[in-house]
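Morning, everyone. I have one model to walk through today. Let me put it on the screen.

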Amino acid sequence: MSTSRGELALGVQAGERRNMNQKILKLENLLRFHTICRQLHSLYQRRMLAQWRHVFSSAYLVWTAQLYPQPWQTHALIRTALSQHRLLVTKKEKKSQKPQLSSTKSKKEVEVWIGMTVEELARAMEKDIDCVYESLLNTAVDIDSLEAHSHLDEVWIKEVIKKSGMKLKWSKLKQDKVRENKDAVKRPQADPALLIPRSPVVTIMGHVDHGKTTLLDKLRKTQVAAMEAGGITQHIGAFLVSLPSGEKITFLDTPGHAAFSAMRARGAQVTDIIILVVAADDGVMKQTVESIQHAKDAQVPIVLAINKCDKAEADPEKVKKELLAYDVVCEDYGGDVQAVHVSALTGDNMMALAEATIALAEMLELKADPTGPVEGTVIESFTDKGRGPVTTAIIQRGTLRKGSILVAGKSWAKVRLMFDENDKVIDEACPSMPVGIIGWRDFPSAGDEILEVESEPRAREVVHWRKYEQEQEKNKEDLELIEEKRKEHQEAHRKAREKYGTLHWKARSFIKYKIKKQQQPLKPKEKAGGDSNALPIIIKGDVDGSVEAILNIMDTYDASHECELELVHSGVGDISENDVNLAETFHGVIYGFNVNAGNVIQQSAAKKGVKIKLHKIIYRLIEDLQEELSSRLPCIVEEHTIGEASILATFSITEGKKKVPVAGCRVQKGQLEKQKKFKLIRNGHVIWKGSLISLKHHKDDISVIKTGMDCGLSLDEEKIEFKVGDDIVCYEEKEVLAKTSWDPGF
């Protein structure tokens, strides 16, 4: 009996605690009421045209009847929210009464991953997307900012899964199977016993017009300089020079013009010795300093050739002293740099320069392995009619023969033909030898490493692997950029929410509507007007290095606020019909450097209204590009002063019923013309601009007043008051073509 009474008392106490818990729960629900309603209103605005499948479906037809909810609708919404909350609480109590083991077993497992979107989470849960929104109500998440494609943080993914009564399972991101590295690589260092002496590779560097090519002409006894457009070298030339003593030297003649910095750097990387040419009458210049820096970066020794010593104004000692500032110390000043005074024009001391180079090469003990697979470097790439893609290369290891399979960059070749700098066909090329190679499937880039492989399938495999690596690197960069943009967008949205957070939702919606209206896409006519301030261009060059130099110059373009410079396409070879079609599509201009455009192509371009501009000198091409950019800019209105007058007295005259102020003036400079424009200047500040309504000399109306004459004048604005000492300036406005502010640096 006592046991049953105890159980009864415990039951009563449990019932009281349950009632008390229910009362506390109801009180908590009421306290949360305001927040829930506000979030439901926000959710209603976002989803008012979508069909609700959950507890709010009964209110959907009523909500969509009007744009803004009425008071009776709000009460219905509140009742629905409370009933749903009670339902959830009841379900939660029932679930808590079930054994923990059976609850765990019945939970559905959802596979999720970091960075998944709202839509992906709903799909993984096999729920409607609104289920995700409902789970995030009454949390710190801004429901208004969530879209189907919005990414969710890890904490909110867990929250949604938890509230949905499901079990979380993190999945590993699906990764592509790690591919085996199929790239071709250099061989290990050769056995010293296999090495034999080789000729030095010498690069000639220096400032433009300091006589580098003329100096090489004397050594080769040819006339390269005469064939160069404008007298300046515009691509790397590789030549093998045989000296009377029997030694051979491979010379690389690099451009000295400012535009070809990349070519000079490439020349320094493949060379053994650098001959630095400095004009005795000009001294150290910008490209001289750059060449010294290239030599230091590549750790290549220098031989100084002081050229133009035959001129009366030549001062070799001044050149040596100037070079001390750049750590180039000649032997005369206790250093280790040989200095040779030469004259490329007369040929003085040419043999002394060659002997100095050979002596330095002997000290370096240059050797190479002539056996095994070939290794080399691409110096230039160009296209030749009847031959296709052609490269100039320096062989650095092995012996190149006809039929060899080569890989360079993302291109490969089966050597069909080889020739020297004189276009003479050769059977093999040994280390240090410059050679032209025919048989490439595509253009390798200048500076690419050449490696010989065993077969064509192996060459294709290497090229495919390199393209795959490039694609993976690009995808990685794209993902980083996308993530960066996403963070910027989230930050901008957060700031916008802070800005509008204190506003009523109606005011906030109206402001958002106005912003969206301003961001509407332009109409076709507006687009056509906006695109006029852009210059799309197509670049075609004779060799890969020339195109590279032009593109490097374009990278310095910093006047996009004036006119956008858009590169549509660039390539090597003559201008084709495809280039013309591209230019027509983008309303662009075709620039050709050392290339041709056939009559048929030019006629097609003229018919389609496409400009083709051909140049043989790089700085002429850049000047033309600057002029084309300037022509796209709006004209500038300039004021040209015609005359100036000083106000000596002020008075007024009566015209009808009003008084008109008049200034008594004397013309100090030029003349005043009544039909032109005028401005009134006081203490150096313009206080009025406009026209005259009268100009008189004594009592006569005149149209022109010349220097030294007195006159009276009145303005077209009566409220302007004259003061003695003011200046009147007569001027005319002229439209002048604007000039682009872009300075390519030369």
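Start at one residue pair: Phe593 has His615 as its bridge partner, and His615 sits in E22. Keep in mind throughout that this is a predicted model. Strands E21 and E22 pair in the parallel sense, over 5 bridges.

Now widen the view. These strands belong to an open sheet of 4 strands. The order reads E20-E19-E21-E22, and the pairing is parallel. Which strands are the edges? Strand E20, residues 564-572, and strand E22, residues 611-615; each pairs on one side only. Neighbouring strands of the sheet are turned by 20 degrees against each other on average, direction ignored.

Helix H17, residues 544-554, lies across E19, E20 and E21. Its direction is at about 170 degrees to E20. Strand E19 covers residues 534-541.

His587 sits in the loop between helix H18 (577-586) and strand E21 (589-593). Its phi is near 55 degrees, a positive value in a residue other than glycine. Is His587 buried or exposed? It counts as exposed, because its relative accessibility is 64%.

Compare that with Ser432. Phi of Ser432 is also positive, near 75 degrees, and again the residue is not glycine. This one is in the loop between strand E16 (428-429) and strand E17 (434-440). Ser432 counts as buried, because its relative accessibility is 3%.

**Helix H5**

Back up the chain to helix H5, residues 118-125. Its buried residues are Val118, Leu121, Ala122 and Met125. What do they pack against? Strand E1 (109-112), helix H6 (129-135) and helix H7 (154-163). Just after H5 comes Glu126, with a positive phi of about 60 degrees.

**The annotated stretch**

Next, a record. The UniProt entry, which is unreviewed, lists residues 465-499 as "coiled-coil region". What does the model show over residues 465-499? The chain there is 100% helix and 0% strand.

**Strand E30**

Two partners concern us. Strand E24, residues 658-673, runs antiparallel to E30, and 4 bridges join them. In that pairing, Arg666 has Asp710 of E30 as its bridge partner. Strand E27, residues 692-697, also pairs with E30 in the antiparallel sense, over 4 bridges. There, Lys696 stands opposite Gly712 of E30.

A reminder for both sheets: strands pair through backbone hydrogen bonds, either parallel or antiparallel.

**Whole chain**

Finally, the overall numbers. The chain has 746 residues, and 40% of them count as buried. Its secondary structure comes to 20 helices and 31 strands. Take contacts between residues at least 6 apart in sequence: 71% of these join residues at least 24 apart. The accessible surface is about 42,800 Å², and 51% of that belongs to carbon and sulfur atoms.

That is the tour. Over to you for discussion.

Technical notes:
Residues are numbered from 1 along each chain as its sequence is written. This is a predicted model: local features need pLDDT of at least 70, side-chain atom pairs count only at pLDDT 80 or more; totals for chains, interfaces and linings use all residues. Side-chain values use heavy atoms; hydrogens and water are left out. Helices (H or I, at least four residues) and strands (E, at least two) are DSSP runs, numbered from the N terminus. Buried means under 20% relative accessible area, exposed over 50%, partly exposed in between (1.4 Å probe, protein chains only). Contact means heavy atoms within 4.5 Å. Accessible areas come from the Shrake-Rupley method with a 1.4 Å probe; for residues, only the protein chains shown count as cover. Two strands pair if DSSP finds at least two bridges between them. Axes are lines fitted to C-alpha atoms, for helices over the stretch in contact, and angles run from 0 to 180 degrees between N-to-C directions. UniProt positions are given in the numbering used here, feature names are shortened, and annotations may be inferred rather than shown by experiment.
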